[in-house]
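Here's a quick briefing on how two chains meet. Have a look at the structure first, then read on for the details.

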There are 4 protein chains.
Amino acid sequence: MDDMKREDTIRVLITGGTIDKEYNPVTGELTFAKSHLTNMLNQVRCKVKVFLEEVMLKDSLQMRNEDREEILRKCIDCPENRIIVTHGTDTMVETAGVLGKSLKGKTVVLVGALIPYAFGASDALFNLGCAFSAAQTLPGGVYITMNGKIFSWGHVRKNRESGEFEEI
Amino acid sequence: MDDMKREDTIRVLITGGTIDKEYNPVTGELTFAKSHLTNMLNQVRCKVKVFLEEVMLKDSLQMRNEDREEILRKCIDCPENRIIVTHGTDTMVETAGVLGKSLKGKTVVLVGALIPYAFGASDALFNLGCAFSAAQTLPGGVYITMNGKIFSWGHVRKNRESGEFEEI
Amino acid sequence: MDDMKREDTIRVLITGGTIDKEYNPVTGELTFAKSHLTNMLNQVRCKVKVFLEEVMLKDSLQMRNEDREEILRKCIDCPENRIIVTHGTDTMVETAGVLGKSLKGKTVVLVGALIPYAFGASDALFNLGCAFSAAQTLPGGVYITMNGKIFSWGHVRKNRESGEFEEI
Amino acid sequence: MDDMKREDTIRVLITGGTIDKEYNPVTGELTFAKSHLTNMLNQVRCKVKVFLEEVMLKDSLQMRNEDREEILRKCIDCPENRIIVTHGTDTMVETAGVLGKSLKGKTVVLVGALIPYAFGASDALFNLGCAFSAAQTLPGGVYITMNGKIFSWGHVRKNRESGEFEEI
């Protein structure tokens, strides 16, 4: 498996999304305080070499074209060839499209959660695990890992009624 | 990605291990009641077709040769080509060896946890996510996913001091 | 302690509030599905005789005079003399006032949470424990238990900036 | 309620027990690392003035007469009149007896948990809440709060089969 360079550093680009949201008990709203990615990786005893970079902390419904361009630029500019992007689920497919059309030779996996890591019964850690293996095993390309499945960009949509990602 | 048959059913063979243990508040001991795999997959909204089979619920230190032979037989006999085996970490490497020497043409991923799913701050869901992607993307062979890493059987050991899995 | 009738049944009137809210992963909103009180009392192995009654499931900002009158009527009509009312924190003080002015001879403890029981790091179980002891030990009157403290109605307010309850 | 001095500082004497145990993932055993009381009180936003003192971190089955004498001395010597003692459940009744026979004029509440705070589905926070209200409202004496109930020392035993505390 040497050719897969599985021991290489993985760049984790943090962009926000439900996975990193928390509940503000004073306002009663879901907000961003700081990313939980470091805590998450510590909790699960992840020993893969990881370079964490917080690009932004945004609800993906608030992301604009320039945000997606910035994420694309970060993917291009970073020295790593295996990249995980944490992202809100609502426009994850859209960002995957921007990356998929322009990126060559790198493996990028977008991942998020339907329930924040900070809440009970979250899907965050499972999804993150899916992303870690996918980032280490898949050939160059842009993918989404949600609901235990792996989707290639351009072949996936989020079902707004069920909240699930499905192949198209 | 069609050749990877990622949408195929994954057989999950449950054999026990810390991932499925729980705390008995009357005796103060860690024991098995029933497997948490169904709850885990429901919590994370896994939509991969899965066939769950409880082979045994054992601490892997209690496993004998016949237990490993039974797991091997289950891997051979089941119709699925992509298999996840939940397993205690203490002898996971040994079982991987038994499977690795005899299995041909199937992708088997062994996975467990250092902290039970039922406890706080567990690594179970992350590890399980790693196993799900690995089972869907890796070529035929026997693997272990722990600590965010993917190991081929015969190239991995558990470090007894740190509890971590490392390449050899 | 016989005069305190600590072994008597406690009536728990459920009215909603953050304590019972949950996160809807499809809409991204905090909503009510069903009360978690039964689960909470099972989890903590509460062996006090309890009569659970779901009066309503409302955000307390949505409560109107008629809602508070209904809660008052439930307190008056139920056979129990020791009552816990789960309630949203935003207008808990107001409802305590309605109850305090009209109720005689019963011990009523209002309680809620700043973080839903269903989320990580919730204050719900601690607050509920405070309410259980208070309901069993305090003389007739209307009280609020929040932040580990016990307040008599009319001598308490919620600090909107900090989210904390303080004596006035 | 001024005579109850509910706003007074509560001394919390930490002695160990299941409430403070954690799972050691390397050895697979339940052990003590450090007390979780500070984390617990922060999580629940307790605003009562508290003086935390770690007397020992012991499984109560390991406690000897001299340990109980030390706890008694701490109760006598501390300036506070309202004291919570966190304690293992197996010999909590015994320690309550030692305190009950010798202490005068102070309100002491012993409390523990059947499931560690650090695990999922713990009773620790609820029990602690019960202890906080009991310590603030009860007259001088030695009590145990478990299973949502309040017991006077000498009138309580732990049922070894069910794990529950019951009046005798």
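Contact here means heavy atoms within 4.5 Å. Keep in mind that this is a predicted model. On that basis, chain A puts 36 residues into the contact and chain B puts in 36 residues.

**The interface overall**

- About 3300 Å² gets buried between chain A and chain B, and carbon and sulfur atoms account for 57% of that area.
- On the chain A side, A:Arg45, A:Phe126 and A:Ile150 supply 20% of the area buried against chain B, more than any other three residues.

**Helix against helix**

- Helix H4 of chain A (residues 124-137) packs on helix H4 of chain B (residues 124-137), with the axes 6 Å apart and an angle of about 40°.
- That angle is why H4(A) counts as oblique to H4(B).
- The crossing of H4(A) and H4(B) is right-handed.
- From H4(A), the residues making this contact are A:Leu125, A:Phe126, A:Leu128, A:Gly129, A:Cys130, A:Phe132, A:Ser133, A:Ala134 and A:Thr137.
- From H4(B), they are B:Leu125, B:Phe126, B:Leu128, B:Gly129, B:Cys130, B:Phe132, B:Ser133, B:Ala134 and B:Thr137.
- Sorted by class, the contact of H4(A) with H4(B) has twelve nonpolar residues, six polar ones and no charged ones.

**Salt bridges**

- How many salt bridges cross the interface of chain A and chain B? The rule finds two.
- There is a salt bridge between the side chains of A:Lys47 and B:Glu164, at 3.3 Å from N to O.

Methods
Residues are numbered from 1 along each chain as its sequence is written. Chains are lettered from A and ligands numbered from 1 in the order in which they are written. This is a predicted model: local features need pLDDT of at least 70, side-chain atom pairs count only at pLDDT 80 or more; totals for chains, interfaces and linings use all residues. Side-chain values use heavy atoms; hydrogens and water are left out. Axes are lines fitted to C-alpha atoms, for helices over the stretch in contact, and angles run from 0 to 180 degrees between N-to-C directions. Helices (H or I, at least four residues) and strands (E, at least two) are DSSP runs, numbered from the N terminus. Angles under 35 degrees count as roughly parallel, over 145 as roughly antiparallel, 65 to 115 as roughly perpendicular and the rest as oblique. A crossing is left-handed if the near helix is turned anticlockwise from the far one by less than a right angle, and right-handed if clockwise. Ala, Val, Leu, Ile, Met, Phe, Trp, Tyr, Cys and Pro count as nonpolar, Asp, Glu, Lys and Arg as charged, and the others, Gly among them, as polar. Buried area is the accessible area (1.4 Å probe) that two parts lose on being put together, summed over both. A salt bridge is a side-chain nitrogen of Lys or Arg within 4 Å of a carboxyl oxygen of Asp or Glu.
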